[in-house]
Number of protein chains: 2
Amino acid sequence: VQHLRRLVGGRTAREAERRFVVEGGKVLSEALRAGWAVESVFWDPALAADEEGMALVERCRAAGASIDLVAAGVLERVTDTVTPQPVVAVLPFADVALEGLRGGTMLVVSVDIRDPGNLGTVLRSAEAAGGDGLICCDGSVDIYNPKTVRASAGSLFHVPVVAGGDAVEVLERISGWGNRRLGAAVEGGTDYVRCGLTSPLALVLGNEAWGLPDRVAPLIDELVTIPMAGRSESLNVGMAASVLCFEAARQRRGTATRPTAEAVG
Amino acid sequence: VQHLRRLVGGRTAREAERRFVVEGGKVLSEALRAGWAVESVFWDPALAADEEGMALVERCRAAGASIDLVAAGVLERVTDTVTPQPVVAVLPFADVALEGLRGGTMLVVSVDIRDPGNLGTVLRSAEAAGGDGLICCDGSVDIYNPKTVRASAGSLFHVPVVAGGDAVEVLERISGWGNRRLGAAVEGGTDYVRCGLTSPLALVLGNEAWGLPDRVAPLIDELVTIPMAGRSESLNVGMAASVLCFEAARQRRGTATRPTAEAVG
């Protein structure tokens, strides 16, 4: 349990062991469904009343995980969630090498995203829109942070993720693969809907507060901006990623929009 | 302080008084900026070290709010945030009557959204995309729930909101105004990009788990679906609202997409 607490609490401990913690049955079952190795499962006596939860524990056992029943209330003190979860598990890291994303036509690059919830939402958007991978450059929050894992709602197990790498080197490599590097900018970029997004691209996302750092600017092929009706704070980086990735998906489907109801009728 | 706790904790108490609580300087300053009445402000001695925070308290005082310094640590116990805020305020409700949204060309209707964070994100999306108002029908989570207020990131003070109303009656009224009612469906609807979205519309969002209730079905003019590459859970209702509202905004700007880089070069 000390071990669990270390893995929940600290990036350093996670990176030393290359292991992290998932909290709750929903995310754990996604990990299992996606075929990730589950090393060990810890469950609270409260789970006994939850048939589905117990079945999940049994599936983890069958998949080779070690199973431990802990004293009531222990998990609640160890874990990070606002809503305590009666089951948590330890999993090995499974991020991929940068080269593994070569050939991807919709890549997302986090240069400096610091909020774990935002990074999780970005990953979730990438999955939904058909993204081929997420690269979390040095300076991004840890992709294995418990809050990120939770916010990704299982997407971590379905989209290849690269953890780390210098932003400048990453962007040079990606360009060498033929991906156009589009930097998201709160203002001053090309209106994203005017930008052709059907060729291979990498969407580059900067920090929530200050955007992309200066040293990255020369490695961006074009800045794109989402014109907004409200205040600029009204769209966070996770929502912006959704809008941009789904516009790329729209252009790639190549479907024509019907005339509006009035025009027809 | 008892009073504050009641307003934070319960919808019933909030509705009885038609008052709610905002937590933290960021949201409070948005309220002030938008010209909302701030009735009373409570601050923790920890705020004294924060020049900007104290200036905000002074602006509230100048705007007519009563100001109270509370004992250290009290706000932390009263409020709802994971990260305790050293300043909170009580504000009067300011939702509008349904009739106030007549003429809006991009309305959002929450029929059954139950998660406060999701409802806040929906409101935030609506603001960013140029939505004219949000209607929270009976059955939706309280728009004045502290978690919703927080997730809306100030949008509550910038987009007109209708709190309550039977979904069937609301949808009948809206149709009478000439707004086309589009129901968001996880599957089976028209691909949203094929749907003409330039004429006046109302985007109708159902529950996170079960979508729109049967009794609402006859009041929907067309179902729209966002085709997804990943699992259907990979997009939550807040993200879906962003994608749909921004597609409407895109069609309304009427901008043409440039050919892709390859096609040009």
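This is a predicted model: local features need pLDDT of at least 70, side-chain atom pairs count only at pLDDT 80 or more; totals for chains, interfaces and linings use all residues.
Figure 1. Look for Arg180(A), which stands opposite Leu201(A) in E10(A).

Figure 2. Strand E8 of chain B covers residues 180–184 and pairs in the parallel sense with strand E10 (residues 201–205) of chain B. Four bridges make up this pairing. Arg180(B) stands opposite Leu201(B) in E10(B). Leu182(B) has Leu203(B) in E10(B) as its bridge partner. E8(B) also pairs with strand E11 (residues 222–225) of chain B, in the parallel sense and over three bridges. There, Gly183(B) is the bridge partner of Leu223(B) in E11(B). These strands belong to an open sheet of seven strands in chain B, ordered E7-E6-E5-E10-E8-E11-E9. The pairing in this sheet is parallel. Strand E7 (161–163) and strand E9 (190–191) of chain B are the edge strands, each pairing on one side only.

**Figure 3. The four-stranded sheet of chain A.** An open sheet of four strands in chain A has the order E1-E4-E2-E3. Its pairing is mixed. At the edges are strand E1 (19–23) and strand E3 (66–69) of chain A, and each pairs on one side only. From one strand to the next, the twist averages 20°. Strand E2 (residues 40–43) of chain A pairs with E3(A) in the parallel sense, over four bridges. One pair to find here is Ser40(A) with its bridge partner in E3(A), Ser66(A).

**Figure 4. Helices lying across the four-stranded sheet of chain A.** Helix H3 (residues 25–33) of chain A lies across E1 and strand E4 (87–92) of chain A. The helix runs at about 35° to E4(A). Helix H4 (residues 51–62) of chain A lies across E2, E3 and E4 of chain A. H4 of chain A runs at about 155° to E2(A).

**Figure 5. Packing of H3 against H4 in chain B.** Two packed helices are described by the angle between their axes and the distance between the axes. For helix H3 (residues 25–33) and helix H4 (residues 51–62) of chain B, the axes come within 11 Å and cross at roughly 35°. The crossing of H3(B) and H4(B) is left-handed. On the H3(B) side, the contact uses Gly25(B), Leu28(B), Ser29(B) and Leu32(B). On the H4(B) side, these meet Leu56(B), Arg59(B) and Cys60(B). The contact residues divide into four nonpolar, two polar and one charged.

**Figure 6. A stacked aromatic pair in chain A.** Over all chains, the count comes to ten aromatic pairs. The close-up takes one of them, Phe93(A) with Tyr144(A). How are these two rings arranged? Their centres lie 3.8 Å apart and their planes are at 10°, so the pair is stacked. The pair links distant parts of the chain, with its two residues 51 residues apart. Phe93(A) sits in the loop between E4 and strand E5 (106–110) of chain A. Tyr144(A) sits in the loop between strand E6 (133–136) and helix H7 (146–151) of chain A.

Notes:
Residues are numbered from 1 along each chain as its sequence is written. Chains are lettered from A and ligands numbered from 1 in the order in which they are written. Side-chain values use heavy atoms; hydrogens and water are left out. Axes are lines fitted to C-alpha atoms, for helices over the stretch in contact, and angles run from 0 to 180 degrees between N-to-C directions. A crossing is left-handed if the near helix is turned anticlockwise from the far one by less than a right angle, and right-handed if clockwise. Contact means heavy atoms within 4.5 Å. Ala, Val, Leu, Ile, Met, Phe, Trp, Tyr, Cys and Pro count as nonpolar, Asp, Glu, Lys and Arg as charged, and the others, Gly among them, as polar. Two strands pair if DSSP finds at least two bridges between them. Rings of Phe, Tyr and Trp (its six-membered ring) pair if their centres lie within 6.5 Å; planes under 30 degrees apart count as stacked, over 60 as edge-to-face and the rest as tilted.
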